[in-house]
Amino acid sequence: MDKNECLMTTMTPNYLRIPNLSSEKYGFYLYREGPNVVAEWGNRSIPSIWKSESKNLTGYPLIFVPGNAGSHKQIRSIASEVDRMLNQGSHKGAKIDFFTLNFEEEMSAFSGNLVKKQADYLNQCIKFLLQTYNQDTTRDPINNVIVIGHSMGGVVARTAFRLDSFVENSIETLIVLNSPISFPIVLTDSETAATYSETNKFWKEVLADSNVVMASIAGGFRDNMVRTELSSLQPQPNNSFFACTTSIPTVGISVDHQCIMWCNQVVKVLSRCLLELVPLHRSQVQPEFKLKIFRSILGNSPWPSQFGILNSDFNLKEIQLPENPEKIQVQLENSSWIRANPIPKNKEWKFDIQEMIKNGNSIFNLISNLKISSQNGLVVTLASSDGKIRRNFVPQNFHPSFPPKDAPSQFLNLQLENFREFSTLTVASKSVQEGSWTVFGFFPKTPRKFAEFSLWSYILGERQIFNLNSRSLVERIDVKSTSAVYPLRCRISPKFQE
């Protein structure tokens with residue numbers, strides 16, 4: 001097996017056991033990130049600390065459900081990354097309050113009764129949280145929570161929907177990681193078989209057309225506990241999304257069963273998804289909008305092309321941008337783009353999305369060498385015609401091992417055909433950096449190329465598939481293999497004209 005290529009996620013975790021819902025067997029915890037939290041709590045009693053903390057819950061509630069013999073502390077990586085992104089100044093107003101369940105490392109994979117007991121406790125915690133959040137009548141009510149389940153925690157969360165203790169519409173977004181949701185890993189008792197059968201039937205017949213959205217992420221061939229096919233439902237329901245970490249463009253590696261909870265490449269994309277989802281939860285939008293977030297972040301955000309974008313073969317056209325134009329028409333026949341050196345502080349440029357799509361320019365690309373900090377950065381905003389529905393996109397960061405001079409540090413790729421409900425696209429910068437540049441533009445969707453080859457053709461050696469002649473800022477290459485035994489490696493060799 002290949003070496004583990006995951007990067008470690010750092011954190012400063014703090015856990016507060018919530019007294020009102022902690023039984024002798026299970027526990028419910030509030031997670032707080034930061035080195036000064038313990039000093040804030042001081043030597044007060046746990047009920048006293050929770051009383052003050054419960055009054056300061058201003059984020060959106062998220063509950064983590066651990067898996068078989070799992071720990072409530074496994075949420076720390078995702079929670080710390082979300083906190084880090086918020087501190088960097090992105091996704092304002094998308095604060096999340098993290099809660100986590102402690103099942104005392106019960107072996108739920110071997111008992112259907114344990115799965116149901118844990119699911120019932122999850123429902124009790126959700127009911128308690130909603131009551132706690134809605135005590136303050138001056139704030140907008142919160143009617144549901146986001147749930148993340150790891151391994152058997154995903155099965156527990158899915159089971160919770162069909163129990164009598166479930167509060168209707170209390171979960172509308174469920175994310176499961178390396179979870180055997182379609183069939184048990186090992187079938188040890190009739191209760192486990194009945195739990196799976198009844199839960200899958202309930203999701204198929206009752207929740208298929210509901211507002212519930214489920215995203216399932218598998219770790220690939222490195223996960224030797226839960227096979228990838230067990231994490232996917234066949235046929236795929238309309239309100240669900242499935243991805244393998246090897247196919248997520250900004251991850252691109254396989255992760256083992258436990259590693260998926262701390263692998264920084266995975267944690268970052270999950271944190272982005274969560275921060276994008278929170279405003280939609282507060283707005284009570286349709287599930288299609290949530291699915292688009294998963295598709296755009298986990299399925300449609302390709303790596304940038306090699307770092308030669310400022311070479312002469314791209315024929316970048318310098319355009320002096322007016323301060324506040326209603327719209328800018330970008331001429332694409334000669335690979336012309338809008339370039340700002342830099343984008344002025346607190347200025348923005350607005351584009352008519354529908355007009356761009358009408359003219360055949362359905363792809364938006366942006367690249368920049370702006371350095372990321374809490375005081376600067378780029379934001380791309382999509383807005384509906386009435387301004388009620390808005391989505392903010394923060395360009396993704398990438399760091400080449402040997403960056404050339406003036407290399408880009410951010411990129412963003414949007415397929416506008418997936419966002420037809422929006423009417424305008426706005427590019428804005430929070431500050432000016434000396435020597436910075438930003439290039440962005442719209443261009444037509446390039447024809448797709450396909451290549452098929454047999455297993456034996458690449459077992460015997462490397463094989464060139466096709467040449468990709470492109471002048472785009474960002475290109476996407478998808479590789480799919482029907483072989484579950486032999487991992488497929490791909491190598492891209494860029495060539496630039498002098």
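The residues lining the second largest pocket of this predicted model comprise 8 nonpolar, 2 polar and 6 charged side chains. The pocket has a volume of about 370 Å³, and its lining consists of 16 residues. Nearest the centre of the pocket lie Arg32, Asp83, Lys95, Ile96 and Asp97. Three secondary-structure elements, namely strand E2 (27-33), helix H3 (76-87) and strand E4 (96-102), each contribute at least two residues to this lining. Helix H3 provides the most, with 5 residues.

Nonpolar packing was examined next. In soluble globular proteins, nonpolar side chains tend to be buried together. The largest nonpolar core of the model contains 96 residues. Within this core, Phe28, Ile78 and Phe99 have the most contacts. Helix H4 (residues 112-133) accounts for the largest share of the core, supplying 11 residues.

A pair of aromatic rings is described by the distance of the centres and the angle of the planes. The structure contains 10 aromatic pairs. One of them joins Phe161 and Phe166 in a tilted arrangement, with 4.9 Å from centre to centre and 35 degrees between the planes. Both Phe161 and Phe166 are buried. Another tilted pair is formed by Phe419 and Phe422, for which the centre-to-centre distance is 6.3 Å and the angle between the planes is 50 degrees. Phe419 counts as buried because its relative accessibility is 3%, where the cut-off for burial is under 20% relative accessible area. Phe422 has a relative accessible area of 1% and is therefore likewise buried.

Ring pairs also connect Tyr26, Phe103 and Tyr121 into a cluster.

Definitions and conventions. Residues are numbered from 1 along each chain as its sequence is written. This is a predicted model: local features need pLDDT of at least 70, side-chain atom pairs count only at pLDDT 80 or more; totals for chains, interfaces and linings use all residues. Side-chain values use heavy atoms; hydrogens and water are left out. On a 1 Å grid over the protein atoms alone, a cavity is a set of points where a 1.4 Å probe fits but cannot get out, and a pocket is an open set with protein on both sides within 12 Å along at least five of seven lines; lining residues have an atom within 4 Å of a point. Grid points are joined across faces, edges and corners, and a volume is the space filled by probe spheres set on the points. Helices (H or I, at least four residues) and strands (E, at least two) are DSSP runs, numbered from the N terminus. Ala, Val, Leu, Ile, Met, Phe, Trp, Tyr, Cys and Pro count as nonpolar, Asp, Glu, Lys and Arg as charged, and the others, Gly among them, as polar. Rings of Phe, Tyr and Trp (its six-membered ring) pair if their centres lie within 6.5 Å; planes under 30 degrees apart count as stacked, over 60 as edge-to-face and the rest as tilted. Buried means under 20% relative accessible area, exposed over 50%, partly exposed in between (1.4 Å probe, protein chains only). A nonpolar core is a set of buried Ala, Val, Leu, Ile, Met, Phe, Trp, Tyr and Cys residues joined through side-chain atoms within 4.5 Å.
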